[in-house]
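Please open the model in your viewer and keep the selection panel at hand. The stops below are taken one after another, each with something to select and something to look at.

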Amino acid sequence: MNIRVCFAKYDRLRFLGHLDVMRYFQHAIARSGIPIAYSQGFHPHMIMSFAQPLALSMTSDGEYFDCELAIEKAPSDDYAAELAKSLQGAMCDGFYIRSVTVLPEREPNTRKQTGMSQIAGAMYLCEPLPGFEKPLADALASFAGLQSYCIEKKAKNGTRAVDVRAGVHAIGVVKGDFPNDFLENEDRDSVNYLSDDGVFSVPETLGDGWGYERSEHSLHRDGALRFLFAVDAGSENNISAELIATALRQIASGVTEESGADGEEPSSDAGIPERCFTLHRMELYRNRDGHMVSLSEC
Amino acid sequence: MRNQLALSDDILLRVEKPARYIGGEINMVVKDPDKVDIRFAMCFPDVYEVGMSHLGIQILYDLFNRREDTYCERVYSPWVDLDKIMREEHIPLFTLETQSPVKNFDFLGITLQYEMCYTNVLQILDLAGIPLHSEDRTEEDPIVIGGGPCSYNPEPIADFFDFFYIGEGEKVYDDILDLYKANRADGGTRRDFLRKVSHIEGMYVPSLYRVEYNEDGTIRSFEPIYEDVPAKIRKQVVKDLDTCVYPDKQLLPFLRVIQDRVVLELQRGCTRGCRFCQAGMIYRPNRERSVGHLLDMAKNLLDTSGQDEMNLSSLSSSDFSGLQELVYAMIDECRERHVSLSLPSLRIDAFAVDVMQKVQDVNKSSITFAPEAGTQRMRNVINKGLTDEDILSGAGKAFAAGWNKVKLYFMLGLPTEGDDDVKGIAELGNAIAAEYYKLPKDQRHGRVNVTISTSYFIAKPFTPFQWMPMITKEHFLQNQRLLKATVNEQLNAKSLEYHWHDAETSEMEGIFARGDRKIGPAIEEAYRRGCIYDAWVEHFHYDIWKEVLDRHGITVEFYNLRERGKDEILPWDHIDIGVTKKFLYREYEKAQRAEITPNCMKQCSGCGAAAFGCGICKQPRGKEEMV
């Protein structure tokens, strides 16, 4: 049987690279004693595959990997919860198991669906560092009003232009804490740029779904301004958190869309350094009949 | 603890591998620093991936943290990129656990595993904001302790340490920490503490000794300044490894480190008595752990780490008496857990071939021999109890089992070496290749590949070769060329490959290894001029070192190329490792006559280590006639 594990990554561990996270989970699985399946051959390895890598310095509530167990089916109804508990017992501070889901059995003669191949969307949170709230909020307002904003992205052969704006489906702004259904609440169509209640959102149609659960581990400064982005993700059109961040930084630094497209970096005297916000991944989604559902809903 | 990193996100994103600096690894100890009496910073003065591979730190980390009143944290050398940033931005050196400045600690313990780390020691002190010289430190500074193999001749770096712990850490560290607390409670100063520490056996406080030199630069006298300070400092030895503490959890780094595996220490010391080998002398007597204890330890380590590789560590695994029993029991345990087992320093015989077939991939792995010298005469000089027959029959068995890659390790520049001994290396390589071609053609797997590596012999303190001259760098390079040419002349030249080690680092290592206190100022100047990470070829600046040594009158002739006299006071004579100078000299004379000395397991040669009353020395064996 196959399972999908959702975990959160916080604190110091935001400086662990993707390969080290994979190694960490191999060791953690061995410590937890869950019956992982191994590949054949002289150097067997655990059968597991990770979804989207996370950039260094980002925290996340939506990290995923799939793995195969060496048993045919779950021995009990709450087996997934037991696995989650065993895994959590093997975690160090900063890694938290959010859920374990048993994946449905594959239809005969179909290809294996990994988490990576299913990803269609992502939700990111961007928190300006103190001193950069105003310029970045202004930049966000400009960005929201654009039809398209292209950035050159390094690809395997040369660079190619990515339309960041087109890949963003919804933008939300909050001050302080926000409700779990923030992007789905009734106010979301009202333009209310930094109003008294600190809520701002852009009028656009967000398709069905895009739910998220805030993790109890997330930390933010009291009353901090935060931007929420629902974006395209996955192999076809991946709008990473850094792409959005770059777009905002370019706009805030006065780099025009055109010069931005030339890949010109804003000069440092523009006052907006590269590190002007922290980035966080809230969730990864897959497209289920037109609805964006969490990758953990299989 | 959350988000409290000593470095800003900005810096962490600018440096290579930021995970080196964040701590938080599996099995890291978490304590409240405000609730302990003693804060101990434990340092390996090299980059994280090297330092985290070291078992000794794991043992001491566990040992200290078992004490409720002590919090031991780790610190490693910032890599050159971060080093630069820390200097520019005045960021003080910090520990990984609490990310707090090392300067605020009670102790800074630095392990000295190789001579080429000396400038890194100064880097650590400097970045921490601790005065480099012991004499300049105040009550605000941590007490700086040195330990590890280089502390057996710590004279070149004596000025930079408050004291050295000579021997195995498990023995008297508790006494030291208790003494520290008592001294503080009595309102005692740093100087008071150091004076009292010198009364604990094995503790060497360099500032309490006076050295005088003869005109030729040799030592005239080396004496304690005060009567209550012992003239000889005796190495500390753990008598029973089964009852001494061993970490049941080892720290598991996130990064892939050099030794990416859990380590099971089978034994300490070695019974062989190779005459070039310092470890073989300073860790005497040989002491084994029991197989039952080792199996428990192994299980525990695997449970708590989840590691997929385990290393059986020892200076000479084949000499471990319970090896077969242990290995066969472990093979099954490891297979079940999908853990691979590595057994370095294994002598290749029928048992080894059987084990290797079970734990290694025949197609990918190679077999390794360390004959160290190319001719039997030369191997007798160095007392390496390995014959051509051993090597050829071992290789033959491995070839028959399917191996076709062999690695051979040798030293060039050994005492009494002649051209024939150099050529003998190539000839031995050739003979091994020939052994492979004795196999019927249908049993061979392609061509055999024999790799010959040579390093530059360095005479080390506390070995029978401590009096011996080393050869010049030029002579060494000439030997390399001779060997290269001889390799090419061999019948099986196409199956032989030759690699060599750089000579410049080794020359410097020779000077440090047998150096005295006169070298300290040169090390300091080299550091001031930018030398750090000397052990890393790409960061080693031979030109700067050469200039600095010249300026300080430190010559290769005096430290490396000179034969020392029998009665000369050696810079490390005040350290007592149990093995006597008399025994070492007897071995030195036997070496010159190419006479061998039997392994401790066969008979006792009266080296002096029996005084510790433990290990192999307590077992009944034959006795060599005393000379």
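Which hand does the crossing of H9(B) and H10(B) have? The crossing of these two helices is right-handed, where right-handed means that the near helix is turned clockwise from the far one by less than a right angle, and left-handed that it is turned anticlockwise.

Before going further, note that this is a predicted model, in which local features need pLDDT of at least 70, side-chain atom pairs count only at pLDDT 80 or more, and totals for chains, interfaces and linings use all residues. Residues are numbered from 1 along each chain as its sequence is written, while chains are lettered from A and ligands numbered from 1 in the order in which they are written.

Helices (H or I, at least four residues) and strands (E, at least two) are DSSP runs numbered from the N terminus, and axes are lines fitted to C-alpha atoms, for helices over the stretch in contact, with angles running from 0 to 180 degrees between N-to-C directions. Show side chains for the contact, to which H9(B) brings B:Val291, B:Leu294, B:Leu295, B:Ala298, B:Lys299 and B:Leu302, and H10(B) brings B:Glu325, B:Leu326, B:Ala329, B:Met330, B:Glu333 and B:Arg337; two residues are in contact if their C-beta atoms, placed from the backbone, lie within 7 Å. By class this contact holds eight nonpolar, no polar and four charged residues (Ala, Val, Leu, Ile, Met, Phe, Trp, Tyr, Cys and Pro count as nonpolar, Asp, Glu, Lys and Arg as charged, and the others, Gly among them, as polar).

Next, select residues 388-400 and 419-437 of chain B, which are H13 and H14, packed at an angle of about 35 degrees with their axes 9 Å apart. H13(B) also passes H14(B) in a right-handed crossing. Among the residues that meet here are B:Ile391, B:Leu392 and B:Phe399 in H13(B) and B:Leu428, B:Ile432 and B:Tyr436 in H14(B), and the contact divides into eight nonpolar, one polar and two charged residues.

Two backbone details in chain B come next. Select B:Pro285, in the loop between helix H8 (279-282) and strand E12 (287-288), where the peptide bond from B:Arg284 to B:Pro285 is cis, with omega near -5 degrees. Then move to B:Glu372, in strand E15 (residues 367-372), whose phi is near 65 degrees, a positive value in a residue other than glycine.

Now zoom out to the whole of chain B, which has 20 helices and 21 strands and whose C-alpha trace spans about 75 × 65 × 55 Å along its principal axes.

Finally, bring in chain A, where 24 residues of chain B are in contact with 24 residues of chain A. On the chain B side, the elements that give two or more residues are helix H1 (9-14) and H9, and H1(B) gives the most, with four residues. By class that side has ten nonpolar, eight polar and six charged residues.
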